[in-house]
Structures are given as C-alpha cells and as structure tokens.
Amino acid sequence: MFPRRQNGFASIHFVALLCLCGRSASQLSYTISEEVNKGTVVGNIAKDLNLNVQELESRGLRVVSSYSKTYFDVNLRTGNLFVNERIDREELCSQLAKCSLKLQVVLNNPMNAHRIELNINDINDNSPTFIENTYSLNISESSLTGERYVLPVAVDADVGSNSVKTYKLSPNDHFSLDIQSTGEHGVSAELVLQKALDREKKSEITLVLTAVDGGKPPRSGSLQIRINVLDVNDNIPTFSKSLFKVRVIENAAPGSLIIKLNATDLDEGKNGKIEYSFIKQGNFEPSTIFSLNRETGEIKVKGKLDYEDTPAYEVRVQAQDRGPVPRSAHAKLLIEIIDVNDNAPEISVTSLMTPVKEDADMGTIVAFVTVSDKDGGNNGGTHCNVVGSVPFKLKSNYKNDFSLVVDGPLDREKISFYNVTIKATDEGNPPLSSIRIITVEVSDVNDNSPHFIEPVINVFVKENSPTGSVICKISALDPDQHNNAKISYSLLDSVPKNILVSSVLNINSETGEIMSLQSFNFEELKTFQFKVQATDSGSPSLSSNATVNVLVLDENDNIPTILAPYSEHGSVNSENIPYSAEAGYFVAKIRAVDADSGYNALLSYHVSEPKGNNLFRIGTSTGEIRTKRRMSDNDLKTHPLVVLVSDNGEPSLSATVSIDVVVVESTADIQTQFRHVPTKEDSFSDLNLYLLIAIVSVSVIFLLSLISLIAVRCHRSDGSFSRYSAPMITTHPDGSWSYSKSTQQYDVCFSSDTLKSDVVVFPAPFPPVDGELISINGGDTFTRTQTLPNKEKVGYWLEYFTRVLSH
C-alpha cells in the first residue's frame, strides 16, 4: 500500500470543483489488495494533502461515495484512511481486469473537495469450476485416430494470473489432451483419440479433466468424463440402380403415384431396417412438391406441377438403416413433366417510346413488343395482331419480336391518346389467347395559331377613368398544349389621329388585361382603333390579331358656356323694351353650348331670379326671352333677370347670365344686339312660308328614307334587331327631333324661332354606343343620347313622328 500523486488528474478535477465550490481540488491514488482485514490503513490523507491534523475534526472532514457500503473511512485524530468493510473484488468488478473505487474527501470552512482513487488488486481466492460435474461422450468404435472432441471449459472468478491457465487429463491408453490458448480469453482443451477403440473389449471409459489456475499457490477444479463406445453397423443399404427416370403429366392430381423405391440391407434387426427420405439440394425442397412414404418408399404428387415453371425435377433420395450408427445409400430420381396447353401467350412491351409527336411520319416506331408462351411445342407457337381501327400496326422483326409503328395520321387536338389493343393467340388445342392494351400518348406540335372568339372587339371606356384601370380583358384560344398553347399578348402600334397606342394603353402579356396609361377626354378623343396580337410559345411561334375599337363614353365634366353677346364673365347685360310691348314680345335670346355629348349636352333655360316673375318667360330649349303680358303702370322700369342654363347630366352642371330689362317709352330708344328682332310674334312673312315649305319637304323626304332603311334592315335581320340595328327617333319639347341608326345616324333639328329654324342632317363617324343618338337642338346645342330601342319602340316612335309632322 502506498500513496501516489496524479498530477494530471489533479489539474482536471481542480477546474471542475473550482466551478462548483469556488475552492481548489486535488486527487490521490492508492492501491490495496482485496480481502484485507478491517482497520487496515491505506494512507495518511492529512499528510498527503498537506493538511493540519488538528483541523480535520474542526473542518468536518468526511468521506463521500456512491457505493452502498462504506468501504473506507478516515480517523480524524490521525488523518489515516483505513478499511471499514470487507472488499471483494469479484463482487465489485466481476471479470474486469482493472478494479478501482472512487471517493470524495470533503472539508468545510473553507470547503475543499479531494478525489481519491483506490485500485483493488486481485488475490487468488477462487478455484476453477465446471458447470457440470459429469460430461458424457458417445464415440463409435470405428472412429479413426486423431479425431478430436471439444471438452467443456472451467470458469474462474479471479482474473489475470489467478484465472485458469492449463488443463490436465488423467492417465489412459486411448486419449490425450490438446490445450489451446486464446490469449486474454483464457485456454480450452480438446480430447484427441490416440488409439482405436474396441467396444467388445471396453464399452465405457472414465477420465478426469482438471483445470488449474495460475495463482501462487495454484488452485484447481475437476470434471469426470464418461466415454460410451458405440457399436459399428458393418453393412450399408443398396438401391437397385443409381438413377431412376419417370414421367408425369403437369396437371396430375395430388396423390398420383410416381414411383416406388426399393433398397436392401444385408444386416439384421435395426441395422437392416430401412427408412427413405429426401435430401435437400440448394434452395429446392422436394417435400413441397412430392410426398415420400418413409416405410414403403412410395413417391406421390403433393404440390402443383407446372411444366412452364420446371420441366423436370432432379430429386436425391436416401435409404438409411436404423442401426445405432445409421448407414445410408443415395440414388438420383429424374422426374420429367409432360406439357399441356395451360398457358396463354404473354405480351410484353420491352420499350415504349411515348408520347408520339402528332406530326410523326408513317412507320415511326412507337414500341417494341415481344410475345412469349411458356408452353412447349405447338402449345408455345404464337401469332399476334392489332385489334380495332387505330392508326397503328404491328411490324414483325424476328420470330416473336414486333414493332408497333404509326400507320395513319395523328392529330392531338382530335385524339390525345390511343388505347392500342394487341391480341396474341397460341397454336395449342384448344388455342389460348391474351390481350394487352398499350396506351400511346400523342404529343403536341405547334400546328394551331391562337384565335380570338371575335375578330373585332368593341370596348367602351368612360372618360376621366383613373389611370391604370383595366378597360377590358382580351382572351384568345389555342387548341395546342403546354408551351404551344401558352399565349402572350402584345399591342400592335397604329397611329390613328396621331395617337401612339403604346403610349395610351398597356397590356398584360400573360392575362390579356388591357390597362389605360392615361385618363381619356371624350372632348379630345372619342374613338380610336388598334390591334392586339396573340402569340403562342411554340417553336416556331404562331400568332393572330384582333381589332379593338375603343369608344370613349362621355361624362358630364363640362359646364355650359354662354355665347356672345352675353359671354363676358361677371358682366350685367341690358336690353330695352317699349312700354307698349304686347304679350309674346321678343326680348332677347340666350345662346349656350356644352362640350359634352348626349344628355350631358342637352341644355335647358330657366329664369332663376327674380322668383315668381310674371312678366317674362323663357323658352326652356330655345333660350328666347319673351313677355308674358302687356306692361302696366305698376310694373318697374328696370327688371333684373338671372337666367340659369343647365345640362341634363348626372349630376347636372349649370351656368348663369344676368340681364337687366329696361322699359322705355318709345320704340326709337330701343337698341338690340341682334341683327333682326321680330316685331310681332304672330306676323307671318313670305320668308317664313318658304322656310316652312322647305322644312316640310325635307321632313317628308327624310321620313320616306327612314321607313325604307328600317324595312331593309328588318328584312336583313329576319325580323330581329342586332346590337346596332335599332333606329332611334327622339323628339324635343321645342319641336326638334333626331334619328339614329347602327352604322349611320341623321339628326333633323327645328327651332321654335322661325327666323333661326334650320335643318341639319349629318352622319355619325362611328357606330353609336348601344343605339346612341346624336342630335342638334335649336340649331345650337349638340347632344348625344344613349338608348337601346327594341322593335316595338321603333314602331311607337314612327307613329309619334308622323303625328308630330302632321301638326
């Protein structure tokens, strides 16, 4: 026993315990043998750790371990570490070569922890032992010298030099002992036959095997070996021949007899009693297909025989006597299977080259087909063909190898795949056949251009719509597939009215959505036309165009504008009338225009101030101001009027003009700003007569033309009205009327002012929006109305128009 410092370990444990306790730590190592007496001193901890013996008790020194027993303790008065419990190395470490105990010595105030490692040395305190007390061996008397027999090994709980080192055999005439060393794993012994045995002289031999360990002094253990000498079977069974050949049909029923084996043995008793058995060869187990009677040697059908699976079986059979040491003989049995036509032809596709391009040439190979039949002879002969009407056929390559080739035109857009049925028939009696369906996909080629549902697309866009809004979505179809049907859209620039389309519109190449790049102004641009191109992604790519007509719809975004001489903003105009003016006397005429169209430009005139005026009235559509009655002495000399000019938009916009009407005593004082002022409303001159005749003539001619156009249009459309086929006639309160048609529109306008009445007939530059009406009211106001009259409305308006003309 001696203490030994472990400087390397001390530094490592110093770091670990320093983290835990904030103190230093060290390690001591001692060595002691097992089974030493209690109280045996291992070493002095106080001395080895440089501790003051007087401090051990005051600092509460104690030994800490994880073991269930307190193998060691410390004498606090002397500092000696001594054995406190019996130490059995075999109990602690079993078969481990190195055995050690690890303890912790802990001191308080300040807290210190020191690790102690105690190495336990083995002593030879266990003897070798055998698991069994007696071991038996059966050895035939015919065994040859030199034959070896493995003997049991002894077990020793000790390790190292104290374990089993050698074996000894008791003296005898027939056997010797061969000891084999396996290094760390100990030694083993084999019994070697040195002299032939003779059962008739000695039927049993008893030996003693002794195992000796390497301790000092050595310890040992023994085993009794009993050897039974077995009798020899002098004769072996014999088959009549070494090879048997038989034939059996493949559909033979289970239990059918194939052959009966016969072997003989010249011995008597059990040594002459024969048993038959199969000998397994490789993976083939004969007993799964055939049954063998061990007593009689009859071999019968047990499992299913299949010529196509195995045309013949080679079976090894054994005849063995029942002697104490059985002897056996072997023979070969060849069983041939007779074929019947029980298998239909098999069709296999060795290579399928699909999909096939729809423009594939005639004779293009689609697949390689092989036909096979497991049957033999005529039962295995086959022929095959394609069933049904498909653009494919079989072309023979060699014997049962065929090629499936294209035999007609392919069009993926009509048929994208074909289920080709191949039928194969053998030459057996009766013949058997099988069918194989091959799915041939037809791949796309770019042979179709994108096409638009409508070659001309009309798009209606409100003016002042926000920039970036989608005005329409263009869609084209392509019956091709994948990239050949992947369509991208683009705008084709044209320059109508000096407008570059790409600067006004943008198109999403993937979705076909057309977005505005600017806000449209109906007053500047009413219609324009461009083309959209749809291009697929094929190689080479194909494309088609569609024409897009953009019609800008008017919004009420312009207020009426007063024309001269009342157009000056903020000015107050003055008009004189005589005191003697009769009812209906013409005072003034307000003229205004609106840059909008349709109802947004249909103007109406009203006197807004003063309220309740009963001296003057104004034509709501003409703007003419006239007197309602004669003047009286109670009327004012000056009448301020505020005229409100409003359009019919939603919401309505308006403008105002102020006029002071001054009453004078004499007509000589009247100064008017108009070139001609009627003196009396009911006067009728020759000029008025000529104008009326001209208006009536033009009206009659126009009415006849209108009726003719409607009749022709109705005849062409078979009694139905298309989107732009319905004509429109609109009358106004002042007597004006308008006519509109799908491709052209005409407006005839009258004014109640006979001097300013005029007839205006003009065509529209573009088809109106949903039967749009364009008219001029009172010779001054330009309007557009949007209606969709049906057939009944047209008849109603024709009748109404006739009644208006008659009046």
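Modeller: A residue is called buried under 20% relative accessible area, exposed over 50%, and partly exposed in between, with a 1.4 Å probe and protein chains only. The structure is a predicted model, in which local features need pLDDT of at least 70, side-chain atom pairs count only at pLDDT 80 or more, and totals for chains, interfaces and linings use all residues. Residues are numbered from 1 along each chain as its sequence is written, and side-chain values use heavy atoms, with hydrogens and water left out.

Biologist: To which of these classes does R148 belong?

Modeller: R148 is partly exposed, at a relative accessible area of 41%. D178 is also partly exposed, at 25%.

Biologist: What is a salt bridge, and how many does the rule give?

Modeller: Side chains of opposite charge can pair when their charged atoms come close. The rule asks for a side-chain nitrogen of Lys or Arg within 4 Å of a carboxyl oxygen of Asp or Glu. The count here comes to 19 salt bridges. One of them joins the side chains of R148 and D178, at 1.9 Å from N to O. R148 lies in strand β10 (residues 148-150) and D178 in strand β12 (residues 175-181), so this pair ties together parts 30 residues apart in sequence. Strands are DSSP runs of E, at least two residues long, numbered from the N terminus.

Biologist: Which residue forms a salt bridge with K332?

Modeller: The partner is E314, with the closest N and O atoms 3.9 Å apart. This pair links distant parts of the chain, 18 residues apart: K332 is in strand β24 (residues 328-338) and E314 in strand β23 (residues 312-321). K332 is partly exposed at 26%, and E314 is partly exposed at 39%.

Biologist: Is R412 buried or exposed?

Modeller: R412 counts as buried, at 9% relative accessibility. Its salt-bridge partner E413, with the closest N and O atoms 3.3 Å apart, counts as partly exposed at 25%. Elsewhere, E275, R294, E295 and R322 are linked in a network of salt bridges.

Biologist: In what order do the strands of the open sheet lie?

Modeller: Two strands pair if DSSP finds at least two bridges between them. Three strands form this open sheet in the order β18-β22-β21, with antiparallel pairing. The edge strands, β18 (257-260) and β21 (290-292), each pair on one side only. From one strand to the next, the twist averages 20°, where axes are lines fitted to C-alpha atoms and angles run from 0 to 180 degrees between N-to-C directions.

Biologist: How many bridges join β21 to β22?

Modeller: Three bridges join β21 to the antiparallel strand β22 (residues 298-301). The bridge partner of F290 in β22 is V301.

Technical notes:
Helices (H or I, at least four residues) and strands (E, at least two) are DSSP runs, numbered from the N terminus.
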